[in-house]
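Dear colleague,

Here is the structure I promised to hand over. Please open it first and then read my notes beside it.

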Amino acid sequence: MGHDGLMADARASLEEAFRKELSDLTRTYDLNGLLDSLPREQARFYGCEAARRALAPLVWRSLAGEVLDTSHLCALLSISRQALAQRVARGKLLGLPSERTTLYPVWQFDGSDVRPVVVDGISSFRAHLGDDVDPLMIASWAQTPQPELDDEKPASRIAEERYWRSVVVSAERAAESLSR
């Protein structure tokens with residue numbers, strides 16, 4: 001079966017599971033009367049919200065690009081989960097929260113360690129937005145073409161080890177703009 005067939009199967013499975021769960025929840029909590037009295041636009045709103053929330057982890061995973069999970073990265077770096085978590089907490093590594101693990105975009109690694117420019121970029125965001133800056137914000141910046149980089153994505157420049165200083169300047173400008 002080709003890629004399109006697998007995608008269709010996954011989509012059909014998702015839709016089937018959603019319909020079943022909606023039916024089960026409606027029956028379990030006796031929501032039919034409430035749903036029948038809901039204005040059409042409000043029902044559409046709830047449906048859209050449910051889809052957005054359900055697919056948010058997949059959307060972020062797609063936007064982050066290729067990623068490693070915690071167990072794979074621990075093996076790659078030969079460190080414990082605790083040491084990995086400490087690196088993330090100290091801003092030495094970008095970790096994206098996911099359902100059951102943390103995901104680490106591969107563009108930040110040179111094969112055996114974190115590229116120094118990643119730490120500089122995270123530091124720029126933390127300096128302007130605080131130590132608890134949302135890692136998804138940094139990932140979004142890294143995957144979005146930036147004017148300072150001739151409309152290239154910072155992640156591409158980092159992965160290709162090109163023009164790191166301009167990547168840090170871009171991070172500084174983005175963080176400063178977000179802090180206003």
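**The sheet**

Val 67 has Pro 105 in strand 3 as its bridge partner, and the bridge partner of Leu 68, again in strand 3, is Tyr 104. Before going further, please note that this is a predicted model, in which local features need pLDDT of at least 70 and side-chain atom pairs count only at pLDDT 80 or more, while totals for chains, interfaces and linings use all residues. Residues are numbered from 1 along each chain as its sequence is written, and side-chain values use heavy atoms, with hydrogens and water left out.

Strand 1 and strand 3 pair in the antiparallel sense over three bridges, where pairing requires that DSSP finds at least two bridges between two strands. Strands (E, at least two residues) and helices (H or I, at least four residues) are DSSP runs, numbered from the N terminus. Strand 2 and strand 3 also run antiparallel and are joined by two bridges, with Pro 97 standing opposite Thr 102 in strand 3, and a hairpin of four residues leads from strand 2 to strand 3. Taken together, the three strands form an open sheet in the order 1-3-2. Strand 1 (67-69) and strand 2 (96-97) are at the edges with a single partner strand each, so one side of each has no neighbour in the sheet.

**The core and the helices**

The largest nonpolar core has 33 residues, of which Phe 125 and Trp 141 touch the most other members. Such a core is a set of buried Ala, Val, Leu, Ile, Met, Phe, Trp, Tyr and Cys residues joined through side-chain atoms within 4.5 Å, and buried means under 20% relative accessible area, with a 1.4 Å probe and protein chains only. Among the elements that each supply at least two residues of this core are strand 3 (102-105), helix 6 (116-129) and helix 9 (164-179). Leaving aside residues up to four places away in sequence, Phe 125 touches several residues, including Trp 141, Ala 171 and Leu 178, where contact means heavy atoms within 4.5 Å.

Helix 6 and helix 9 pack at an angle of about 20 degrees, with their axes 8 Å apart; the axes are lines fitted to C-alpha atoms over the stretch in contact, and angles run from 0 to 180 degrees between N-to-C directions. These two helices are therefore roughly parallel to each other, a term used for angles under 35 degrees.

With best wishes

Methods: Buried means under 20% relative accessible area, exposed over 50%, partly exposed in between (1.4 Å probe, protein chains only). Angles under 35 degrees count as roughly parallel, over 145 as roughly antiparallel, 65 to 115 as roughly perpendicular and the rest as oblique.
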